[in-house]
Amino acid sequence: QVELVESGGGSVQAGGSLKLSCAASGYTPSSGCLGWFRQSPGKEREGVATIVFGLGLDSLYYADSVKGRFTISRDSAKGTVFLEMNNLKPEDTAMYYCAARKRTVYGPKCAAVSDIGYWGQGTQVTVSS
């Protein structure tokens with residue numbers, strides 16, 4: 001039983017920052033991946049930032065649209081993953097979901113919905129211009 005619970009969403013003006021948190025339970029990240037997806041109305045859910053395990057070092061992935069602005073990190077002892085979002089843009093407005101996969105990822109990204117086995121309930125991020 002894997003449970004993922006997000007928090008930290010809210011409303012900010014363009015250029016502002018937010019930090020999302022995901023408390024993961026029932027999951028030890030020795031393989032697979034853990035990270036963040038987002039979905040806005042009328043669009044497909046997309047990978048934003050993920051950590052892939054089992055490659056020696058943690059392998060980080062960022063979507064091109066957020067590189068240089070978002071940072072993913074984790075507290076392995078507490079089972080928490082974070083997404084620090086800086087210089088937010090209106091196009092970042094979406095529901096953000098914590099996501100996890102237990103089985104080995106045969107690649108560095110883990111950015112497709114089909115890669116994911118478990119989802120959090122989502123936390124809304126709204127960025128005003």
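Residues are numbered from 1 along each chain as its sequence is written, and side-chain values use heavy atoms, without hydrogens or water. In this predicted model local features need pLDDT of at least 70 and side-chain atom pairs pLDDT 80 or more, while totals for chains, interfaces and linings use all residues.

Colleague: How many aromatic pairs does a search of the whole structure find?

Modeller: Rings of Phe, Tyr and Trp (its six-membered ring) pair if their centres lie within 6.5 Å; planes under 30 degrees apart are stacked, over 60 edge-to-face, the rest tilted. By that rule the search of the whole structure gives two.

Colleague: What is the angle between the planes of Phe37 and Trp119?

Modeller: The ring centres are 5.1 Å apart, and the pair is edge-to-face. The angle between the planes is 80 degrees.

Colleague: Is Trp119 buried or partly exposed?

Modeller: Buried means under 20% relative accessible area, exposed over 50%, partly exposed in between (1.4 Å probe, protein chains only). Phe37, at 0%, is buried. Trp119 has 30% relative accessibility, so Trp119 is partly exposed.

Colleague: Over which ring does the charged end of Arg45 sit at 3.8 Å from the centre?

Modeller: A charge sits over a ring if NZ of Lys or CZ of Arg is within 6 Å of the ring centre and within 35 degrees of the ring normal. For Trp119 the distance from the centre is 4.6 Å. The ring at 3.8 Å is that of Tyr97.
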